[in-house]
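Student: I have a model open and would like to learn how to read its packing. Could you take me through it?

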Amino acid sequence: MDFGRLSDLRYVDFRLPPDHPDTAAVLARAAAAPVAPQVFVGCPIWTNKAWLGSYFPAGIRDADYLHHYARQFNSLELNTTHYRIPDAPTVRKWRDAVPVGFRFCPKLPQVISHDRALYNVDDLTISFCRSIRELNERLGWCFLQLPPTFGPEHLSRLERYLLDFPADIPLAVELRHPGWYTDKVAFAAVAAMLEALNKTLVISDVAGRRDVLAMRLTTPTAFIRFNGHGLINSDYQRADIWATRIAEWLQQGLQTVYFFVHQKDIMHTPVWTQHFLEKLQALSGVAVPAPHIIPQPVQGSLF
């Protein structure tokens, strides 16, 4: 995720802002009907060749990468769907490669979000939704990433699209135009609309756009995209900060967390995730198996 990525981090305040005042009300309503919380953590891709011989067995076929990825993480930010709508047999192969309890979070195709900016996309949306329904119980929350050119002046277009979006498919919405966050009236309007339609506002934690950290939950599901910087000290500090905030939200009634980790070097992602999940379990009691290096057979060994 290059959005908001900086090379010079000296002047970045990585602290999370306080919760938006309306977040407490969303969580309080969820707390009235408590459910066992679920936490899903994942990467943006599964074809991580750098993991061969550590987090993946050495010598596996490309076709087996997803199977082994799903033994390290329990979710996937499915970015491949941003570039094309997969056919049903492909989606069924993805579904069958992962265990029960795994969740895919497909990104809506860019032809819908970017090329057409939600104009005349009914057929494309129907086609996309028909395909990803093949994931069945392994379908998590899809997410609609809107381009930086899609601002508050397009609120009515977004509302129309979300009203027509199939209600059986959970959807999160990522807003990147600065105007959504600088205009308090516009932000209040879009957040209220998302809450009314049971759509989640994506929270992105990136160095160069601290404004998108609105900390406004619009449903009892948090959808967080995190940009790391190679396991420097601030990466671990941010892991602790996020674990603390999520633990607080879980105590207040949050039901589900999707947390997707973006690191330029994919070898850093499992290490960061181990630290984050250990901290989260210590604070919340919610245990999620962390990625781990697997034993590799020793070539030529008789044992």
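Student: What should I know about the source first?

Tutor: This is a predicted model, in which local features need pLDDT of at least 70 and side-chain atom pairs count only at pLDDT 80 or more, while totals for chains, interfaces and linings use all residues. Residues are numbered from 1 along each chain as its sequence is written, and side-chain values use heavy atoms, with hydrogens and water left out.

Student: How do I read a nonpolar core, and which residues touch the most other members of the largest one?

Tutor: A nonpolar core is a set of buried Ala, Val, Leu, Ile, Met, Phe, Trp, Tyr and Cys residues joined through side-chain atoms within 4.5 Å. Buried means under 20% relative accessible area, exposed means over 50%, and partly exposed is in between, using a 1.4 Å probe and protein chains only. Here the largest core has 83 residues, and those touching the most other members are Tyr69, Leu158, Trp242, Trp249, Phe259 and Phe276. Helix H9 (residues 233-252) supplies the largest share of this core, 7 residues. There is also a second, separate core of 9 residues, with Phe40, Cys105, Trp141 and Phe143 among them.

Student: What does Trp242 touch?

Tutor: Contact means heavy atoms within 4.5 Å. Leaving out residues up to four places away in sequence, Trp242 touches Leu16, Ile203, Asp205, Leu213, Met215, Ile224, Phe226, Trp249, Phe259 and Phe276.

Student: How do I read a helix such as H9, and how far does it reach?

Tutor: Helices (H or I, at least four residues) and strands (E, at least two) are DSSP runs, numbered from the N terminus. The expected span of a helix is 1.5 Å times one less than its number of residues. H9 has 20 residues and reaches 29 Å from first C-alpha to last, close to the expected 28 Å. Its buried residues include Arg238, Trp242, Arg245 and Trp249. Among the elements covering the buried residues of H9 are helix H1 (23-31), strand E8 (221-227), strand E9 (256-262) and helix H10 (268-284).

Student: Which residues of H8 are buried?

Tutor: Helix H8 (residues 184-196) has 13 residues and reaches 18 Å between its end C-alphas, close to the 18 Å expected. Ala186, Phe187, Val190, Ala191, Met193 and Leu194 are buried in H8. Seen down the helix axis, the buried residues of H8 fall within an arc of 160°, so they line one face of the helix; the arc is that of the directions from the helix axis to the C-beta atoms. The face turned away from that buried side carries the exposed residues Lys184, Val185 and Ala196. Cover for the buried residues of H8 includes helix H6 (155-164) and strand E5 (171-174).

Student: How should I read phi, and where does Met215 lie?

Tutor: Most residues other than glycine have a negative phi. Met215 is not a glycine, yet its phi is positive, about 55°. Met215 lies in the loop between E7 and E8 and is buried, with a relative accessible area of 0%. Leu231, in the loop between E8 and H9, also has a positive phi, near 65°. Gly253, which follows H9, has a positive phi near 130°.

Student: How many aromatic pairs are there?

Tutor: Rings of Phe, Tyr and Trp (its six-membered ring) pair if their centres lie within 6.5 Å; planes under 30 degrees apart count as stacked, over 60 as edge-to-face and the rest as tilted. The count comes to 23 aromatic pairs. Phe226 and Phe259 form a tilted pair, 5.9 Å centre to centre with 35° between the planes. That pair links distant parts of the chain, with Phe226 in strand E8 and Phe259 in strand E9, 33 residues apart. Trp242 and Phe259 have ring centres 5.8 Å apart and planes at 80°, so the pair is edge-to-face. Trp242 in helix H9 and Phe259 in strand E9 are 17 residues apart, and both are buried.

Student: Which residue lies over the face of Tyr119?

Tutor: A charge sits over a ring if NZ of Lys or CZ of Arg is within 6 Å of the ring centre and within 35 degrees of the ring normal. Arg157 lies over the face of Tyr119, at 3.9 Å from the ring centre, and Arg176 lies over the face of Phe3, at 4.0 Å.
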